[in-house]
Amino acid sequence: QVQLVESGGGLVQAGGSLRLSCAASGRALGTSAMGWFRQAPGKEREFVAAISWTGGTTNYADPVKGRFTIWRDNARKTVSLQMNNLSPEDTANYYCVIGATTRALQTTPDYWGQGTQVTVSS
């Protein structure tokens, strides 16, 4: 019933910036948390960032703290991820997700997008 569509992925040089966006459709979001996961080829899927419905709570994985910023616009049903000072280690397919809370989202998201590829060259 819920569809998540990511956009903004692409190729960027190390040290550069990129902004990802995710648009939700199909039903009202209610008070769900939203966030991002990523998965690099041959590597474990990992949590990146999450934000509560009000935006009052945000969580970031250690590797992206201080470099990535997540925010949401409930009126437009979107969530965005600003990624700064990118490194090759950030190269991955990035997935938009929805979860009941920011805590629940980090372990058991309820909905997943198809993903958008981010490639950082050195």
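# Aromatic pairs and overall fold

At a relative accessibility of 31%, Trp-112 counts as partly exposed. That class applies because 31% falls between the cut-offs of 20% for buried and 50% for exposed. The structure is a predicted model, and the values below are computed from it.

## The chain as a whole

The chain has 122 residues, and 44% of them count as buried. Its secondary structure comes to one helix and 11 strands.

The C-alpha trace spans about 40 × 25 × 25 Å along its principal axes. For 122 residues, a compact globule would have a radius of gyration near 14 Å, and the 13 Å of this chain agrees with that. Among contacts with a separation of 6 or more, 58% are between residues 24 or more positions apart. The chain exposes about 6200 Å², of which carbon and sulfur atoms supply 46%.

## Aromatic pairs

How many aromatic pairs does a search of the whole structure find? The search finds three. One of them joins Phe-37 and Phe-47 in an edge-to-face arrangement, with 5.7 Å centre to centre and 75 degrees between the planes. Phe-37 belongs to strand E4 (residues 33–39) and Phe-47 to strand E5 (residues 46–51), so this pair ties together parts that are 10 residues apart in sequence. Phe-37 and Phe-47 are both buried.

Tyr-95 and Trp-112 also form an edge-to-face pair, at 6.0 Å centre to centre and with 80 degrees between the planes. Because Tyr-95 lies in strand E9 (residues 92–99) and Trp-112 in strand E10 (residues 111–112), the pair ties together parts that are 17 residues apart in sequence. Phe-37, Phe-47, Tyr-95 and Trp-112 form one aromatic cluster.

## Gln-106 in the helix

Gln-106 is found in helix H1, which covers residues 102–107. A polar atom of the Gln-106 side chain lies 3.2 Å from the backbone oxygen of Thr-102. Leaving out residues up to four places away in sequence, Gln-106 touches Phe-37, Phe-47 and Asn-59. Gln-106 therefore has heavy atoms within 4.5 Å of both members of the Phe-37 and Phe-47 pair. The C-alpha atoms of Gln-106 and Glu-46 are separated by 8.8 Å, although these residues are 60 residues apart along the chain.

| Residue | Relative accessible area | Class |
|---|---|---|
| Tyr-95 | 17% | buried |
| Gln-106 | 30% | partly exposed |
| Trp-112 | 31% | partly exposed |

Why does Tyr-95 count as buried? Its relative accessible area is 17%, and the buried class takes in values under 20%.

## Ser-87 in a loop

Ser-87 is found in the loop between strand E8 (78–83) and strand E9. The side chain of Ser-87 makes a polar contact of 3.0 Å with the side chain of Glu-89. With neighbours within four places in sequence set aside, Ser-87 is in contact with Arg-67 and Val-120.

Notes: Residues numbered from 1 in each chain as written. Predicted model: local features only at pLDDT ≥ 70, side-chain atom pairs only at ≥ 80, totals over all residues. Heavy atoms only, no water. Helix = DSSP H or I, 4+ residues; strand = E, 2+ residues; numbered from the N terminus. Buried < 20%, exposed > 50% of the residue type's maximum accessible area, 1.4 Å probe, protein only. Polar contact = N/O pair within 3.5 Å; in protein donor to acceptor, adjacent residues only side chain to side chain. Phe/Tyr/Trp six-rings, centres within 6.5 Å; stacked < 30°, edge-to-face > 60°. Rg over C-alpha atoms; globule rule 2.2 N^0.38 Å. Areas by Shrake-Rupley, 256 points an atom, 1.4 Å probe, with all protein chains shown as cover.
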